[in-house]
Each structure stands twice: as C-alpha cells, then as structure tokens.
Amino acid sequence: MLEQGAYRKTKKSVLNQAYLSDANDTYKDVGSGDDTESVIDKKRSRAVIVNKKIYNGYEFSTQTAVNPSDPLGATTGILNKKYKMVKDAPLAFSTEDYSINAIEKLPPVIEQVQAKVKFDLNGGYLGEDPNAEKAKDPIVKIAPLNENYRYVVDKDNFPTATLNPSYKANAFEGANRRMVDDGAGNQVMASHTDQPLGTEIYQVAFDRYKEQLQNRLVEAEALDNTIGTPRTIRNAAIAEAKQDIDSFDNYIAKFYTNKGIDITKSQLWLREFPGKESQVELKTENPKMENKEFYGWTTKKVTSVDEYNKLEELKTEAQAKNITKTYKFTENSPILSEMTVYAFYGPVKSQVTNPKQTYDEAKDKQYIEITPAEEGKDLPENATYKLVKKNEDGNYTEVEGLTQTTKEDGTPVFDITDLPSDKFDPNADYYIETIETGKNPSYSDTPIKIDKVAPTFADMGNGKQVLANPDPLGYFVKVSAKAEDQAGILRIYVDGYKDKGYYDSTPKAEDNSDVTKSLNDNVAVQQGQEKTFTVIAIDKFGNKANVEHKEAKKTSTNQGWYRQTL
C-alpha cells in the first residue's frame with residue numbers, strides 16, 4: 001500500500017491519499033521431498049530502473065483510493081480526491097506491507113514535482129525533410145528542478161501547506177536551479193538526489209539494461225532441460241526472464257516515449273533550453289518553415305511580425321502568473337507549471353549583428369562596433385545599420401545624430417565620442433538594426449548599455465585624491481592615486497608623464513581585477529617651483545577623468561631623497 005502526501009493547490013491544503021499496489025508475485029512448489037523447488041507462478045512485478053540499477057517493482061494505480069486502515073475493505077465510500085500538481089511542490093511517499101501486518105510504515109520518501117515544457121513547432125519542422133517521421137513533433141523538455149521546495153517540508157519529511165519563503169521560480173538558465181559541484185569545481189545542474197545530470201544517451205543506457213535482462217534469459221535457457229522438475233524450473237525461469245524484458249519495454253514506453261521524451265538524447269539535454277544545450281552533438285537546431293524564418297518562442301500563438309516584435313519577454317514570476325498576456329519565452333523565462341510555448345515564423349530576416357563598445361586610443365575615438373552575432377561568420381555585404389533602443393511597446397527608436405562609418409580596417413562603426421548625454425539612456429539596452437536588401441530588419445540578440453561614465457578617483461587619505469611626496473628641494477615629486485571604473489582601467493598617469501604611468505590595453509578582465517588600479521610613486525619634475533600636477537585616468541571605453549594637485553615651492557637645502565636616488 002502506498003500513502004501519498006502532497007500540497008493541493010485548489011484548496012491550499014495537504015492531501016493524503018492511499019492506494020494499493022499490484023498484487024504480489026506468487027510462487028508454487030514443484031517436485032517433492034529434497035527435490036522440491038519454489039518457482040514463479042504468477043509474476044506481477046515489473047522491471048524498472050532505480051538509481052541506475054534494474055529492480056523489480058510493483059505499480060500503484062491512482063484510479064481508486066483506499067482506506068489506509070482497511071486497505072482491503074470497500075472502496076465505494078472512499079473519495080478519491082484529485083488535485084493539480086504544482087512545479088517544485090514536495091511529494092511524500094510512504095509504503096506499508098499490510099500483508100505481513102507491518103506495525104510501522106517505512107519513513108516517507110520526499111520527491112519534487114517536475115514540470116514539462118512542450119515546444120510546439122506550430123506548423124514548422126526539424127531536420128531537412130518536413131515529411132520525415134517525427135519531423136513535426138514538439139520538442140519536449142523538463143524544467144530544471146528548483147533549489148528549494150515550493151512549500152515547506154516539516155521535520156518528519158512531510159509536506160505542509162506553508163509557502164516556502166526561500167522559493168523563487170527558476171528558468172532553464174540562471175539563478176534558483178538545483179545545482180551541485182561536479183567534482184572539478186564547476187556548478188552544474190543536479191537531479192533530485194543531488195547528482196550531476198547525466199550526459200549518457202537514454203537509449204544507450206536502456207540498451208545496456210536490456211542486455212542485462214537478455215543475459216538472464218540466456219542463463220535461464222541454459223538450465224537443465226531434463227523432463228520433470230528441472231524442466232519445470234527452466235520453463236518458469238525462461239517465462240520470468242521474458243516477462244521482465246517485455247515489462248521493461250513497457251516501462252520505457254509508458255514513462256518516456258509515450259510522454260514525448262526523446263530517448264536519443266540525455267538527461268542533461270532534457271533540462272536545457274532548445275538550441276542552448278551544452279552537448280554540442282545533441283544541440284537542437286531552430287525549427288524551419290518553407291519560405292519563412294524562425295523568430296522565437298511565445299507563450300501563445302501570434303500571427304504577425306508586428307505583433308511578435310511588440311511582445312515583452314517573460315522575465316518575472318509576476319508576469320508568468322498573468323496567463324492572459326502573451327510573452328516571448330526564452331531560456332531566462334521563469335516556469336511555474338507545465339506549459340506549452342509556440343514557435344513563431346516570419347519573413348526571412350537580415351543577418352543578426354551585435355554592438356560592441358570599443359576605444360581607439362591612437363585616434364582618441366569611442367566607437368560602437370558592429371560585429372556578427374554568430375562566431376566565425378562574416379558581416380553581410382551591402383547591409384545598412386542603425387543603433388537603436390527598444391521601447392516598451394516593442395518598437396525601436398534610432399539614436400539621433402549618429403552616422404555609420406568605417407574604421408581603417410573596414411569595420412563598420414558608430415562614432416559616439418561626442419554623443420551628448422541627452423541623446424541616450426545609460427540604463428537602456430541598445431541594439432543594432434541590420435537591413436539587407438530584400439530582407440526584413442534583424443535586431444541584436446546581445447544588446448549593450450552605452451558607457452560614457454568617467455572613472456572616479458578614490459580617497460587616498462585625509463580626503464585627498466592625490467598623494468604627493470616631494471624631495472626636500474622640491475625638484476622631484478612622487479605622485480600616487482587610485483582610479484576605479486567598471487569598464488576596467490586603461491591608463492592612470494601624470495599629465496606629461498604618460499609613459500611612466502599604469503597601462504593595460506587587454507580587454508576587461510572577467511574577474512574584475514582591473515576595475516581598480518593605482519598609480520604608485522610616479523616621479524615627476526617640479527624644478528623647485530610651485531606647480532600643479534594633473535592626474536588623468538582613462539577607462540577601457542575611453543572615458544576620461546582628471547584630478548589636480550598643487551605642490552608648493554620648496555626652499556630647503558637638504559639634499560633629500562632624489563639625491564640619494566641619483
């Protein structure tokens with residue numbers, strides 16, 4: 001008997017239900033005296049996989065609930081309550097063998113409700129032949145498990161009706177997924193048992209298990225076939241082995257293929273967004289439609305490019321709860337329950353390009369470069385570009401006052417060196433609109449924010465942004481400062497001594513190690529006179545800041561540190 005406890009959404013309560021399993025296997029004795037053997041009579045258990053091993057188990061049917069205190073009693077008076085599963089809700093299972101009058105149930109096993117996401121091709125197809133078998137079948141995925149249960153689990157490992165305050169919905173990528181260390185210091189998606197999701201193809205694993213079952217059949221067929229008790233034992237073993245093989249095939253069909261699970265893929269593939277899979281050889285291609293191009297996925301069907309372009313991207317749990325609206329669905333969209341999303345196709349688009357902010361120090365020019373979105377691909381020929389901002393209504397507005405030009409190496413760019421602050425929003429995302437002749441516009445898949453913010457100087461002590469240490473004669477002075485900028489620091493130097501300052505022309509470090517950099521004891525000449533020194537900081541996008549320090553004239557005749565240095 002199985003007793004199941006789970007949160008019931010409809011009445012915000014915990015529902016307990018009890019069900020009977022299939023009847024036990026039965027055995028019979030054959031032979032007599034010392035030759036008596038017990039063999040299978042009626043086999044009702046089935047071959048299943050548990051923790052990557054083959055076991056024989058009994059299936060429970062939820063068609064009819066039973067009274068846990070009287071499991072063999074009448075079921076007509078037992079209400080079999082129905083409830084809708086909620087993603088990441090805890091499920092507790094406890095089993096009891098009433099046939100041996102077990103005094104206690106086994107401790108409950110806690111599971112976590114998973115949610116299937118069906119990617120409906122909406123008339124499109126995968127592969128090269130639209131008429132091929134399964135070419136138009138939906139892509140079925142399972143949303144990654146959340147790192148928390150949606151409802152609190154009590155100290156007895158049983159669900160409660162209390163919302164878990166730590167729960168935040170997760171997407172196919174990003175925060176709040178159940179993760180685990182893979183043993184090499186990398187955080188990877190995990191199963192409910194906190195094991196890294198497997199990368200082995202399901203079919204390969206199933207074939208291995210089938211081989212084990214087939215070996216049992218071979219062993220049974222090799223038993224003694226002498227008439228009488230030996231043959232009876234052999235026939236019973238053969239029948240049991242064949243039934244295990246058949247039941248395992250039924251298991252695969254019932255829990256995988258009949259549910260749309262692609263067993264030519266892996267456990268990890270099943271929980272990654274289509275086209276974003278980490279196993280390159282299994283990566284899902286974009287669906288196709290004759291004379292059209294795949295644009296993306298939506299939570300409801302849309303019928304026009306204009307309608308599609310105006311859709312918001314599903315980014316928050318609050319949006320996901322509003323089922324009356326249609327959104328673009330991406331790898332970062334939160335998933336609350338089982339859902340279907342739909343492919344949208346439109347006229348063939350121009351090649352997608354992305355913006356990249358750069359700085360040409362030799363020319364002292366700040367640029368937005370236009371780069372191919374697809375690595376290793378060249379930019380399209382005879383295309384025109386605009387730098388645009390996406391509006392709330394889904395339309396795009398061109399940045400005024402910019403003209404596409406090219407660098408000496410032929411790279412198309414927008415010169416933003418003199419772009420005034422009232423012509424752009426530093427908090428907005430900016431895209432490249434690309435238009436090729438005879439094609440619809442495309443927009444970047446990786447927008448950027450325009451950074452025109454200059455570096456800041458840190459306090460070096462006593463409220464000073466520059467520290468100066470002159471020699472007693474005032475002929476030399478050591479100047480120190482510290483600059484900070486999220487784009488990374490390119491240079492810090494004393495004006496007139498550019499080559500003696502800090503310099504790093506490499507791209508911004510991923511570990512942010514170049515966000516804060518110092519100018520240490522940069523020696524400058526004062527010549528004994530009152531002099532103002534200017535410290536200049538430049539970030540890796542070419543934004544500049546400076547701070548001045550006035551050093552008074554010195555009259556001491558002490559030979560000082562510069563004499564000792566010389």
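Modeller: In helix 1, the buried residues are Tyr202, Ala205, Phe206, Tyr209, Leu213, Leu217 and Ala220. When one looks down the axis of helix 1, these buried residues fall within an arc of 135°, so they line one face of the helix. Glu211 and Glu219, on the other side of helix 1, are exposed. The model is a predicted one, and every value below should be read with that in mind.

Helix 1 runs over residues 202-221 and has 20 residues. From its first C-alpha to its last it reaches 29 Å, close to the 28 Å expected at 1.5 Å a residue. Its buried residues pack against strand 5, strand 6 (53-57), helix 2 and helix 3 (267-270).

Helix 2 is therefore the next element to examine, for it is among the partners of helix 1 and takes in residues 229-255, so that aspartate 244 belongs to it. At 1.5 Å a residue, the 27 residues of helix 2 should span 39 Å, and the 38 Å between its end C-alpha atoms agrees with this. Its buried residues are Arg234, Ala236, Ile238, Ala241, Asp244, Ile245, Ser247, Phe248, Tyr251 and Ile252. What covers them includes helix 1, together with strand 4, strand 5 and strand 6.

Because glutamate 369 lies in strand 19 (residues 365-372) and lysine 407 in the loop between strand 22 (404-406) and strand 23 (412-415), the pair ties together parts 38 residues apart in sequence. Glutamate 369 has 12% relative accessibility and therefore counts as buried.

A further salt bridge joins the side chains of aspartate 504 and lysine 540 at 3.5 Å, N to O. Aspartate 504 is in the loop between strand 30 (502-503) and strand 31 (516-525), and lysine 540 is in the loop between strand 32 and strand 33 (544-551), so parts 36 residues apart in sequence are tied together. Lysine 540, at 12% relative accessibility, counts as buried. Over the whole structure, a search finds 30 salt bridges.

The side chain of aspartate 539 instead reaches the backbone nitrogen of phenylalanine 541 at 2.9 Å. A polar atom of that side chain also lies 2.9 Å from the backbone nitrogen of asparagine 543. Apart from its neighbours within four places in sequence, aspartate 539 is in contact with residues including Val453, Pro455, Asp485 and Leu490.

Note on methods
Residues are numbered from 1 along each chain as its sequence is written. This is a predicted model: local features need pLDDT of at least 70, side-chain atom pairs count only at pLDDT 80 or more; totals for chains, interfaces and linings use all residues. Side-chain values use heavy atoms; hydrogens and water are left out. A polar contact is a pair of N or O atoms within 3.5 Å; within protein, one must be able to donate a hydrogen and the other to accept it, and residues adjacent in sequence count only if both atoms are side-chain atoms. Contact means heavy atoms within 4.5 Å. A salt bridge is a side-chain nitrogen of Lys or Arg within 4 Å of a carboxyl oxygen of Asp or Glu. Helices (H or I, at least four residues) and strands (E, at least two) are DSSP runs, numbered from the N terminus. Buried means under 20% relative accessible area, exposed over 50%, partly exposed in between (1.4 Å probe, protein chains only). The expected span of a helix is 1.5 Å times one less than its number of residues. The arc is that of the directions from the helix axis to the C-beta atoms.
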